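Have a look at the sequence and the fold first.

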Amino acid sequence: MIRKLIPVLLVATLSACANTGAPRSSSSSAASSSASSPAASDSSSGASYGSPSAQAGARKTCDAAALQSQIGQKATQSVLEDLRTRSGAATARILRPGQLVTMEYNDTRLNLIVDDKDVMTAIRCG
């Protein structure tokens, strides 16, 4: 009995994996994904900032090109908020060495990558 189920489960698993990257065509699933907060996955780190009105309103994209001159400076909470505002991002987070982070791309989030002394080594959107 189990030997008969293994191929079925294998095919089901592979087809589920193949469908994860496909764009969603149903309006209900798209509406539910856009209704969720962009910072929901970042709230556990404690370093995600952005006003709730900016998160709930229209999606803003992040532009980190003008912020590259800030690399080499110390990252503080006030610097994080200032850079988030200047980039147009809805949320921001500080990524420290060895920290576990979500890997999904979020075009409304600013990432400040820092070293072990909280000095910014990179500034990216996503």
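Helix α4 is followed by G88, whose phi is positive, near 85°. Helices (H or I, at least four residues) and strands (E, at least two) are DSSP runs, numbered from the N terminus. Keep in mind that this is a predicted model: local features need pLDDT of at least 70, side-chain atom pairs count only at pLDDT 80 or more, and totals for chains, interfaces and linings use all residues. Residues are numbered from 1 along each chain as its sequence is written, and side-chain values use heavy atoms, with hydrogens and water left out.

**The sheet**

- Three strands make an open sheet in the order β1-β2-β3, with mixed pairing (two strands pair if DSSP finds at least two bridges between them).
- At the edges sit β1 (91–95) and β3 (120–125), each pairing on one side only.
- β2 (residues 109–114) pairs with β3 in the antiparallel sense, over five bridges.
- In that pair, L112 stands opposite I123 in β3.

- L80, L83, R84 and S87 of α4 are buried (under 20% relative accessible area, with exposed over 50% and partly exposed in between, using a 1.4 Å probe and protein chains only).
- Looking down the axis of α4, its buried residues fall within an arc of 105°, so they line one face of the helix; the arc is that of the directions from the helix axis to the C-beta atoms.
- Those buried residues of α4 pack against β1, β2 and β3.

Conventions: Contact means heavy atoms within 4.5 Å.
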